[in-house]
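Please read them with the model open beside you.

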Amino acid sequence: MMGLTVEDLLQIEQANQISLICGEKGLKNEIKGVTIIEAPDIVHFITGGELLLTGLYAFQSCSLSTYKTYIYELQKKNVSGIILKPGRMVEDAESKIAWLKEFAEQESIPLMEMPFEMSFQCILSTVMERLFNEEVTQLKYYKTTHDNFMALAFAEENEGHRIEDILAMLEKLIGNPVALFQQNMRCYACSGEEPFAFRILPGVKPYDPGILTNYEYLVQRDGEQTQYIVQLDLNVGTKMYLVIAEQTSEFNPMNCIAVENAIVSLQYEFARAFAVSELEKKFQNDILYSILHGKNMPIEELKKNIALIGMDLDSSYRVMVFGTTGDIWRKRNFNERIFYLDLLEEAVRLCMPECKIHRETDRIVAVRKENPDTAQSEYRRDLRQKLERIQTNVLQHHRNLQVKAGVGKQVRGLTNLPETYHEANDAYLFVDIAGDAVGDRVGDNKAQMVLFSDLGIFKLLCQIEDPKALMEYVPESLQKLFEYKKPQRDDLIVTLKAYLDHNQNLSKTAQDLFVHYKTAAYRMEKIAKITGIDFDNANEILAVRIGLVVYQMIGNYDKKSQEE
């Protein structure tokens, strides 16, 4: 007795939207199975007699001759029929469909078309239910979805779009849009051109998928839309949400089988991408290390290496060094330091994607290609904005982690990178030494940056690490204040600094220190009596201001020596 034929399928209610294009002579072909072809290699998984479902996405970028080779493989498998589903763009689609029509007519293979809004799963389950019992149907459905997702994951074509391809295939299977969201609810990738809105609502509930699973399913109602959520751990330290919006078809256990196989492919793809990314980072790190530290290499080898990481020999560059401020770093153990450096590196990569990143033991180095015609003020403003975004990103993970940055000058030519790198390091180290004097506070006084060009005389002073030698740059009058042993000495030093910062305005000094005007006046009288500073002498005031910074440098060097 003849089993299910193509003609029988077209008469079933669930398939009444499918229309015959050509190949009428094959309507009596028996359907012995059903599978999807959305990856080229899946052709080799066909055993014979199957009904094939495809959007031709498997052949989207191959040449017409390669496409014909794949289709001729179908001739050997005696497929029962082919159902086309219109969808994503396929290169030279009209020629490929026209040739497929000729092939189907010649080989008596019915060629049909299903509407875009109809899911593959609807046809798959309809056919399988008539061929097999419920348990076998689920196993067969699992196998065909597994084979397609795995073939897609291992395909060499479209290497940069595999995540989107996996989601697009999942949408075809279940007939509903899907998207992958990061923990912060930002859309990472989606099956369509635009992602739908997603947030976890207070009324979210557990959902039983009706199959054995290792994942946690949730369901929620957001306005008129029901969303099914699967929490994923993608094996590379990344947690995400796979979200299905129930817009067209009802979500069911068969859909969950497709979801499970999509998740396996996503895990594989993220693991593969992570491994490739880590290898690329190490390669780039090694090349940048050699360049930044002035390691000699033949010019041809240098050109070859920098071309691989997207740099050129003659452009203008600037180096920036990022880290976290003193105490929060020094008090952490090794694992915590690595964790926070990872956070910082991720934030720098996210907020400055145009930069080449080099990672060191306790800091992140960013090399940025520059436009030599950009004004310094414009560059400073741009850097402040980026530093603020980096600080905001870091604060999401640790509310006390403060970012600091040292910035070197712009240099012409890649071989001059060591110069701007050393400058950026000097400016970076100066943040902790006396960044308040010449640095910029960014983002609600959290982040801090110093441009080497702003250091002035401190370019020389920051090279001196001997406290005794530095004391020579502190005026004798100021030294008397530092030697004043009474408890109020620190208050007096803070008051003097604020007084000079506010151009010797007592009212603003009192406001800044949150003290009464008379208290500020009393302290300044005390300072004048102890030091004998002539506040009307511009040269002496300049020396005192420098001396205050030098004294702070001495204190930091002493603190550093005690820690070592």
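1. Strand β9 and strand β10 (residues 225–233) pair in the antiparallel sense over 7 bridges, where strands are DSSP runs of E with at least two residues and helices are runs of H or I with at least four, numbered from the N terminus, and where pairing requires that DSSP finds at least two bridges between the strands. Within this pair D222 stands opposite Q225 in β10, and in the hairpin, which has 2 residues between the strands, G223 takes a positive phi near 65°.

2. This is a predicted model, in which local features need pLDDT of at least 70 and side-chain atom pairs count only at pLDDT 80 or more, while totals for chains, interfaces and linings use all residues. Residues are numbered from 1 along each chain as its sequence is written, and side-chain values use heavy atoms, with hydrogens and water left out.

3. Strand β9 (residues 216–222) has 5 of its 7 residues buried, so the strand is largely enclosed by the rest of the structure; buried means under 20% relative accessible area, exposed over 50%, and partly exposed in between, with a 1.4 Å probe and protein chains only. Strand β8 (residues 205–206) also pairs with β9 in the antiparallel sense, over 2 bridges, and the bridge partner of K205 in β9 is V219.

4. The axes of helix α5 (residues 134–154) and helix α7 (residues 253–292) come within 9 Å and cross at roughly 25°, the axes being lines fitted to C-alpha atoms over the stretch in contact, with angles from 0 to 180 degrees between N-to-C directions. The two helices α5 and α7 are therefore roughly parallel to each other (angles under 35 degrees count as roughly parallel, over 145 as roughly antiparallel, 65 to 115 as roughly perpendicular and the rest as oblique). Among the residues that meet are Y141, F149 and F154 in α5 and I257, V264 and Y268 in α7, contact meaning heavy atoms within 4.5 Å.

5. Helix α4 (residues 120–131) also approaches α5, their axes coming within 10 Å and crossing at roughly 140°, which makes α4 oblique to α5. The contact is made by Q121, L124, M128 and E129 of α4 together with T137, K140, Y141 and T144 of α5.

6. N425 has its place in helix α12 (residues 417–438) and is buried, with a relative accessible area of 10%. Leaving aside residues up to four places away in sequence, N425 touches V321 and R363.
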